[in-house]
Amino acid sequence: MITKLLHQIWNERRENAWLFLELFIVSLFVWLAIDPVFNLVSRNSVHKGYDCTNVYNFYFSEHHQKSPKYKEEYDSDDGIRESYTQMLKLLETLPEIESYYISHGNGPGQVAKPVYSINTVMRDESEQAESNTTTASFCHSVEIGNSDDIFKVLRIKDSLKRDVDTSKHTGKDAGAYITKCLATELFGSEEPVGKDIVSVKHSGEHTLKEKYTVLGVLDNIQQHLYHDAENVIVITYRLNRFNRYRLANLSINFRLKDGVDAPSFEKKFREEIMPRLTFGNFYCSHFLSYEQVLTDIEHGYGITNAFRQNIVLSSFALLCALLGIVGTFWVRAVARRQEIGIMQSIGATRSAIVRQFAAEALMLTTVAFMLALPLLMHKVYVNGFAEPAAEIIKTPISATAAWRNRPVPHFIIVSAISYLFIVAISIIGAVIPTFATVRKSPADALRDE
């Protein structure tokens, strides 16, 4: 069968040469179109390292001195502290809330791009060797009163997939919980708990250094939207000094208990609870689900529009490839009606003729796609996919990347999808007109010719 197909293809080598060249170019074209579509479709498969389902955030605004609602008697540190504490007690009385924590700055996943919130991190000031220095982003959990921790609300696990042990944190000093990938970069196979790390932040001509003791190792966290797990440090500290400048940057995040009707609670919170959430000259101004915050970030930074644009362009490219291949095979099959009539007249069955044309399409498509793969591999290598940001990322990509972003499986999956797509439309383009021709009698097929 294969020998017969090779002879047939060789005998029509002039016609097949143009078809083969088209299949070769289309193979490159389709692969480059499917790659971004695959990235978009599979982005949610990346393990985030946290669970924000049924988690809500609310933020505060302040009545300034020119506002008619401004009250001077509450504009003191002691007054703000007392009002804030009463507000937290009100939150604790709500039966629908399972746990809450107070955040300073962005929470996990609430940063659009890796260029934000990145600090240099080293093991400690006495070990400033280059091998012990890397970069990491920070999340801050503030302890006030009986507030719970970020790990319980977002269900962040330690590196052994257990609940994070916060018993080492006394609440007096700031402590750090680092992700597994960061622990590997800084300490290798050593036990990091109990060791010190130093955060270095450059601000103009000044260099700020802060020292933290590692209290635990967390499961890897996706800190930035649609990126792989990264180096993240969760800082927990107790806020002892109250003033408007500190509290203006705080937000409260809480998780609903399992089984609570989220839409009903949202309505109740906005209508009944938000008006009561005031302290000093601060009032609750925004109430959003954690997932809505992530969605707003996508819209604000143009990520949603970029995704839509990529999907539209890739879909249009694939449609053009589909029409081009189907049309070419269709014309080729119609042009061989005389050959089909002769095959029928010497006793070839309809199914045998259809199988032969389908097999020819499969063989031409396979060879063209195999020859296109080396060029695609070269493109992937030139673009730096094999070793991304080598000067910044010291940990191999396979150690932290999601399965879809590891070079070898990613290339194999996209190539397999592209190959199946091209084969499917090639066979369709070859089989349908062939089947329409073999349904006629040999005389009719020859007469049409």
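A salt bridge here is a side-chain nitrogen of Lys or Arg within 4 Å of a carboxyl oxygen of Asp or Glu. The legends below describe close-up views of a predicted model.

View 1. The side chains of aspartate 196 and lysine 211 form a salt bridge, with an N to O distance of 3.6 Å. Because aspartate 196 lies in strand β6 (residues 196-203) and lysine 211 in strand β7 (residues 206-218), the pair ties together parts that are 15 residues apart in sequence. Aspartate 196 counts as partly exposed, at 24% relative accessibility. In the structure there are nine salt bridges.

**View 2. Arginine 155 reaches from a loop to strand β2.** Arginine 155 is found in the loop between α4 (150-154) and β5 (175-179). The side chain of arginine 155 meets that of glutamate 98 in a salt bridge of 3.8 Å, N to O. Glutamate 98 belongs to strand β2, so this pair ties together parts that are 57 residues apart in sequence. Arginine 155 is partly exposed at 30% relative accessibility, and glutamate 98 is also partly exposed, with a relative accessible area of 30%. Both residues belong to a network of salt bridges that links Asp51, Glu98, Arg155, Arg255 and Asp258.

View 3. Glutamate 266 and arginine 270 meet through their side chains in a salt bridge (3.6 Å, N to O). The two residues are four residues apart in helix α7 (residues 262-273), so about one helical turn separates them. Glutamate 266 is partly exposed, with a relative accessible area of 24%. Arginine 270 is partly exposed as well, with a relative accessible area of 41%.

View 4. Strand β4 (residues 133-143) is largely enclosed by the rest of the structure, because nine of its 11 residues are buried. Strand β2 (residues 97-104) runs antiparallel to β4 and is joined to it by three bridges. In that pairing, isoleucine 102 has valine 142 of β4 as its bridge partner. The pairing of β4 with strand β8 (residues 232-238) is parallel and extends over seven bridges. There, phenylalanine 138 has isoleucine 233 of β8 as its bridge partner.

**View 5. Two loop residues other than glycine have a positive phi.** Most residues other than glycine have a negative phi. Asparagine 54 has a positive phi, near 60°, and sits in the loop between α2 (13-41) and β1 (55-62). Asparagine 54 counts as partly exposed, at 28% relative accessibility.

View 6. Cysteine 181 is buried, with a relative accessible area of 4%. Cysteine 284 is buried too, with a relative accessible area of 8%. The count of disulfides comes to zero, where a pair would need its cysteine sulfur atoms within 2.5 Å.

**View 7. Residues 386-400 have a pLDDT below 50.** For the chain, the mean pLDDT is 77, and 79% of its residues reach 70 or more. Over residues 386-400 the pLDDT is below 50, and this stretch has 20 contacts in the model beyond near neighbours in sequence. Where pLDDT is low, the predicted coordinates should not be read in detail.

Definitions and conventions
Residues are numbered from 1 along each chain as its sequence is written. This is a predicted model: local features need pLDDT of at least 70, side-chain atom pairs count only at pLDDT 80 or more; totals for chains, interfaces and linings use all residues. Side-chain values use heavy atoms; hydrogens and water are left out. Buried means under 20% relative accessible area, exposed over 50%, partly exposed in between (1.4 Å probe, protein chains only). Two strands pair if DSSP finds at least two bridges between them. pLDDT is the predictor's confidence in each residue, from 0 to 100. Contact means heavy atoms within 4.5 Å.
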